[in-house]
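Okay everyone, thanks for coming.

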Amino acid sequence: VAKNEGRNRFSYFTPALQEQVQKRIRLINDLRGALAGGQMRVYFQAIVDLSNGQIYKAEALLRWLHPLRGMVSPAEFIPLAEETRLIIEIGDWVFNESAAWVKRWRTHFMAHLQVSVNQSPVQFAKNNSNDQWLAYLHDQGLPGEAIVIEITESLLLDSDAEVKASLLKFRGQGVQIAIDDFGTGYSSLSYLKKFSIDYLKIDQSFIRNLAPGSSDMALTEAIIVMAHKLGLKVIAEGVETIEQRDLLIGAGCDFAQGYLFSKPVPPEEFELLIQAGLKSYD
Ligand code: C2E
Ligand code: MG
Ligand code: MG
Ligand code: MG
């Protein structure tokens, strides 16, 4: 914690910090029982085609309803789940839930719906997890195209042959790959030619202040042009306003996701959305 210097060694370990450490330990303990305790939910957020406002995809987003603390943000508990490797068990559950729902929706409402699932590097490191996922899809009678795996740039940068083999195996079965939070990670783009990627998701930090003539606008346009030249589709994250949507349409962006269209909602509610079709367009 503090610099290891003489008498002052523990001087920064204040009661406030101690409280923070205790809270963290309690949260980790609670996380261990959360799945078995039925406290986890998978929510779904619509991803719309910008050419017509229709839902074609959804992202599965994990929610933890803590019995005392209420909703705990994934931003808070996913890092803890990764450190403790609980993310492996939790992630397998998210995948199975997502596959079961997309199976239902493709059967009854939307034959081409795709659901994207976030996968952290910790999950990727566990060798047979991806085989299990493919086996589960097969058991469900689902084609690979029903699923998109979202990974971050960092996975591809420190990647070894195993990551590459794993991605190839997914794509061999038709599963598509998206780079999440694109533009926030690293300046190297060389991985884009080394790996077979299907989508770039432009991070919401670029979308937030999108305005004509701004540097965010220039970067967004450049990302879209580059992606298209490489044969990739682009999904904009965190679209909240009609202005942002229209600037993205003007820039040739393919898909968008954000509160303008829908917040992440429980599966029963998402089902109503796809039944009704999105009415919020123009
Ligand atoms: P992400 O994958 O980049 O997900 C997008 C985040 O943006 C979600 O936050 C979503 O609720 C939020 N969002 C969507 N539209 C808007 C908008 O218009 N405005 C704003 N302000 N936010 C918007 P969420 O659900 O809190 O998840 C945070 C992160 O936690 C995710 O970022 C993802 O990295 C991670 N995560 C969530 N579920 C899972 C999971 O099942 N497995 C793993 N490994 N990570 C997950
Ligand atoms: Mg994501
Ligand atoms: Mg993202
Ligand atoms: Mg993110």
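Let me start with a question: how do the residues of the lining of the largest cavity divide into nonpolar, polar and charged? They come out as 6 nonpolar, 2 polar and 1 charged.

Before I go on, the housekeeping. This is a predicted model, where local features need pLDDT of at least 70 and side-chain atom pairs count only at pLDDT 80 or more, while totals for chains, interfaces and linings use all residues. Residues are numbered from 1 along each chain as its sequence is written, chains are lettered from A and ligands numbered from 1 in the order in which they are written, and side-chain values use heavy atoms, with hydrogens and water left out.

Back to that cavity. A search of the whole structure turns up 1 cavity of 30 Å³ or more, and the space in it is about 40 Å³. Here's what I mean by the word: on a 1 Å grid over the protein atoms alone, a cavity is a set of points where a 1.4 Å probe fits but cannot get out, whereas a pocket is an open set with protein on both sides within 12 Å along at least five of seven lines, and lining residues have an atom within 4 Å of a point. Points are joined across faces, edges and corners, and the volume is the space filled by probe spheres set on them. The lining includes Ile 47, Lys 57, Gln 114, Tyr 199 and Ile 235. β2 and β4 are the elements giving two or more residues to it, and β4 gives the most, with 3 residues. When I say strand or helix, I mean DSSP runs numbered from the N terminus: helices are H or I with at least four residues, strands are E with at least two.

Now the largest pocket. That one holds about 950 Å³ of space. It has 36 lining residues, and Glu 59, Leu 61, Pro 74, Asn 118 and Asp 180 lie nearest its centre. By class, the lining has 15 nonpolar, 12 polar and 9 charged residues. Among the elements that each supply at least two lining residues are β2 (55-66), α3 (86-108), β5 (147-152) and β6 (176-182).

Keep some of those names in mind, as we're moving on to the metals. Which protein donors does the magnesium ion (ligand 2) have? They are Glu 59 (OE), Asn 118 (OD1), Glu 150 (OE) and Asp 180 (OD), at 2.0 to 2.2 Å. A donor here is an N, O or S atom within 2.8 Å of the metal (3.2 Å for Na, K and Ca), and water is not among the atoms, so sites may look incomplete. Glu 59 sits in strand β2 and Glu 150 in strand β5, so this pair ties together parts that are 91 residues apart in sequence. Both Glu 59 and Glu 150 are buried, where buried is under 20% relative accessible area, exposed is over 50% and partly exposed is in between (1.4 Å probe, protein chains only).

Asp 180 counts as buried because its relative accessibility is 8%, while Asp 181 is partly exposed at 27%.

Asp 181 has one more thing to show us. Asp 181 lies in strand β6, and its phi is near 55 degrees, a positive value in a residue other than glycine. Most residues other than glycine have a negative phi. Arg 85 also has a positive phi, near 65 degrees, and lies in the loop between α2 and α3.

Last stop, the aromatics. The whole structure has 8 aromatic pairs, meaning rings of Phe, Tyr and Trp (its six-membered ring) with centres within 6.5 Å; planes under 30 degrees apart are stacked, over 60 edge-to-face, and the rest tilted. One of them is Trp 64 with Phe 77, edge-to-face at 5.5 Å centre to centre and 85 degrees between the planes. Trp 64 and Phe 77 are both buried. There's also an aromatic cluster of Phe 44, Trp 101, Trp 105 and Phe 270.

Notes:
Ala, Val, Leu, Ile, Met, Phe, Trp, Tyr, Cys and Pro count as nonpolar, Asp, Glu, Lys and Arg as charged, and the others, Gly among them, as polar.
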